[in-house]
Amino acid sequence: MSRTLLRVGLLALAFALGTYAFGWMAVPVVGLVWGALAGHSRRPALHAGVAAAAAWAALLLVPALTGLPTLTFATRLAAAIQVPGWALWLAELVFPLLTGWAGALLGTALAPRRPAAPAAE
Amino acid sequence: MTNRIWRGALGVLVLAPLLFVARRGAGPLPPLGALIDPVHGAWAAALHARMLKRANADVPGLSGTVSVRYDDRGVPHIFASAELDAYRALGYVVARDRLFQLDLQARAGAGTLSEWVGAQALAFDRQTRELGMPRAAEQKLAALDTAGISWHLLQAFADGVNAYVDRLTPAQWPVEYKLLGVKPDRWQPINSLHLFNRMGFTLSYIPDETARLAARALVGDSAADALFPIDAPIQQPIQPAGPPVPSFAFRALPAPGRPDTAAAQLASLFRGLRPPGEAAGADRQHFASNNWAVGPARSADGHALLANDPHLDLTLPSIWYEAQLVVPGKLDVYGVTIPGLPGIVLGFNRDVAWGFTNTGADVLDFYKETVNDPANPTRYEVDGTWRPLERRVVVYRGKHGEVLATDTVRYTYRGPLMHRFGEWVSMRWTLLEPSHEVRALYDAAHASTAREFLDVMARSFFVPAQNMLVADRHGTIAIRSTGHFPLRPPGTNGLEIFDGSRSSNDWRGYWPVDHYPQSVDPAQGFLASANQQPEAPHAQYAYLGDERAYDPWRALDINQLLRGNAKVTVDDMRGYQVSPLSVRARQFLPFFVAAAESPTGGAYATPALQSAVRILSRWNENYTRDNGGAALFEQAMQDLRDFTWDELDDAQGHRVATPSDEVMLELLNQPQSTWWDDRRTPNVVETRDKVVAHALAAAYDTLAARYGDPAANGWTWDQIAKVNIRHLLRLPGFSALGLVTDGGRGTLNPAPGGGGAGPSWRLVVDLGPHVKAWDTYPGGQSGNPASPEYEDRIPQWLAGKLSPALVPGDTAALPANRVRATLTLAPEARR
């Protein structure tokens, strides 16, 4: 359990750094790479989706905690694009979740095959 | 293996549409990824909402370092050692706070909005290009001397804007770019001229030929000319010198005459000339303004005082941006600029303060042209000679570069040629002619006396004509309606359609400056303009404009207030700017009350009418937020107009034009006029009191149905008249809607129409030995909707308060505790 959490946490950090450096396109790319590398672990795509959503949530909430007007702006932005406030927040979570998950899923399909275990004599 | 394929296929199936929508958008949606990216998308507006306490930037072309100190109201004070450096810095700081606004307004002026928003802007762009505004900007730029100050100012300002644009990462682009899915353009010097043109369009595109022609078609020439007169029935000229003029010069209105079929034909030529979206008979008087000044003899502190509040569309961000430019020994000017213009438009320096109101001059005429081929003309005839038409093929492109439409715009030597219902009409308009407004603003900033200010403006400021009020430190106050006023052929005015085949119908030049409406240090000790007719008819040098562009009510009010106060204080000036008293209501109210109590009005003597009279009798003629009289009065006026001018309804029942309230007042003084009879009731002859009482009763019923019982406070002005300050893209989330303030139609603090226009800036200046000023505007300095300075001034504006402006002469004079941020601009490092 703790290993899974650690894995998701580190993955979230990778998503956050990727997004910070390269923008939203980093999410499917990091997911793809993760899927390719960890394709043989348990539920790599799910972990990628959750980590990507967590990363974006953190990228939005950390500035708010430092005093930047992220939360008040969210209300304005949602009204500007004429969606309910919750829909904007939902999009901020669902989009990375789906792109991270789908990227990782694709990555697992592209991952090199694990060499077959030698047969017992 | 199968499992692997399934996983891959599912991944692709989910990812592909997501990536498409994220990268390209879908339908009206912009590219979603760039929008919701938490670091680089729309959210970045919040990350960049607060100005850094200290920042540095390189600006190409600077000759020395420029220090910009932002005070605690967000006003940048620019300290430079060379003038052009100050204007470069102005470009930089304006772009820093208002980049999207710069870009958007320049596109509006250039007629290229559809490249950002697609086909929905096509009608707007088409009108801009059809009117020849972008071509005029090109010609004005090409005519500039590249060694002259105007060219250098335009270039310096562009350098500053571009220095900011070039250093931006996509994450730093204003949020609106991300919502539209577009990117900032580099600023071209011509963009400033597009902006001047756009402002000129707003204030001088007044094709008033339409109203009178349409009325002539229905009620004949004589009646139409009386309903839409050249001279206002109420005179309160800005030029007080000369023989005394009666304030009310009412004339008998001739009865409706026979329809004029020739006028009907001509009137049809003008369908479609209104700005896109503007309804027929729309009230353009909301683009009004006030300015006034008192000389030392009438001010409490013995200094000249000046006030100005231009009434324009209220937008977020505001049309204005406040700044100070200081170059020791050369320039020290404070005021507001329109983002994109290289200079301070309204404001003051150490010696002189100035403010504008719109003159409303008729500077636009139409000519019916004779062309060689009505289907596809290439030549037009003048004095028996065929001249070639200049032709321009205009391509309108959409967001992705696709061609939305292609037009051929033709020009005669007079201006653009338009095709209207089988006829070809050309237009001459001062806005499309050479002018030097950049130079004018530069010279104004350097003026040291009121007279010098007026002279430099008369030399270079041609359009849109403005009533320029100025006061100086020596106590001189002066006003001059400044701009190019056409001299038309003798015996003609600007309300007719000229025969374009004869050059004798052309303008003969412009008014000599000596004959402009003007006054310097009048004996009365004060001067005021509020969009009234500038000069009394007998004093006017030639036809200047017509009554539909004028509005006497605020002028009557402010003149009365100033006349009654021999010791005007700064606070009086501020108070007058937000006065909710209606001189207009004072003129009309007695007619409503008398009609309701008259025997003929008794036909409507219902409890509703009695209640209405009670409300109006108790009303103090103030448009304050807590009273119910203003709403009833405005509805009664609306109904009175509707019931009275039925003769101006066409066969389909549409009102082709509505005479002004001044003409209505004129008619109210003629109780037996045949205009009171309602043609829609053939067996009854209505009289004045019957119509007026009916209007009042109907107004009461309307409001009762809409807002309930007046006793329940549902009719109070704050429930009905809201101020709506809309974002430039009209995005509700970035707008300030449903605000409440005092003021109404015709009051000094106006809030007419749908609440989208009003005092866009308020300024009071005290020109003592050390100039002092107070100001505010409805918005904030920042164009970033996430910034605390996006709309921080609105509460103050709503409350009718002003803030003292900090006017430091150097950096040391700016108190450290009032400095919010510092920006240092340095010459670009040599590589």
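I take axes as lines fitted to C-alpha atoms, for helices over the stretch in contact, with angles running from 0 to 180 degrees between N-to-C directions. Helices (H or I, at least four residues) and strands (E, at least two) are DSSP runs numbered from the N terminus.

**Ground rules.** The model is predicted, with local features needing pLDDT of at least 70 and side-chain atom pairs counting only at pLDDT 80 or more, while totals for chains, interfaces and linings use all residues. Residues are numbered from 1 along each chain as its sequence is written, chains are lettered from A and ligands numbered from 1 in the order in which they are written, and side-chain values use heavy atoms, with hydrogens and water left out.

**Helix pair in chain B.** I looked up helix H20 (residues 629-644) and helix H22 (residues 688-707) of chain B; their axes come within 8 Å and cross at roughly 125°. H20(B) and H22(B) are therefore oblique to each other. The classes I used are roughly parallel under 35 degrees, roughly antiparallel over 145, roughly perpendicular from 65 to 115, and oblique for the rest. The crossing of H20(B) and H22(B) is right-handed, meaning that the near helix is turned clockwise from the far one by less than a right angle. I listed the residues in contact (heavy atoms within 4.5 Å). On the H20(B) side they include B:Leu632, B:Leu640 and B:Phe643, and on the H22(B) side B:Val691, B:Tyr700 and B:Arg706 are among them. The residues of this contact divide into 13 nonpolar, 4 polar and 2 charged. Here Ala, Val, Leu, Ile, Met, Phe, Trp, Tyr, Cys and Pro count as nonpolar, Asp, Glu, Lys and Arg as charged, and the others, Gly among them, as polar.

**Helix pair in chain A.** I then took helix H1 (residues 2-22) and helix H3 (residues 44-65) of chain A, whose axes come within 8 Å and cross at roughly 55°. H1(A) and H3(A) are therefore oblique to each other, and their crossing is right-handed. H1(A) brings residues including A:Leu11 and A:Phe15, and H3(A) brings residues including A:Trp56 and A:Leu59. The contact of H1(A) with H3(A) has 12 nonpolar, 3 polar and 1 charged residues.

**Interface.** I found 38 residues of chain B in contact with 43 residues of chain A. The area buried between the chains is about 3,400 Å², and carbon and sulfur atoms give 75% of that area. Buried area is the accessible area (1.4 Å probe) that two parts lose on being put together, summed over both. I counted 1 salt bridge between chain B and chain A, a salt bridge being a side-chain nitrogen of Lys or Arg within 4 Å of a carboxyl oxygen of Asp or Glu. B:Glu791 pairs with A:Arg76, the closest N and O atoms being 2.5 Å apart.

**Other salt bridges.** The whole structure holds 43 salt bridges over all chains. In one of these, B:Glu390 and B:Arg135 have their closest N and O atoms 2.7 Å apart. B:Glu390 lies in strand S14 (residues 390-397) and B:Arg135 in helix H7 (residues 133-142) of chain B, so the pair ties together parts that are 255 residues apart in sequence.

**Backbone.** I noted a cis peptide bond from B:Leu316 to B:Pro317, with omega near -10°. Another cis bond joins B:Val463 and B:Pro464, with omega about -5°.
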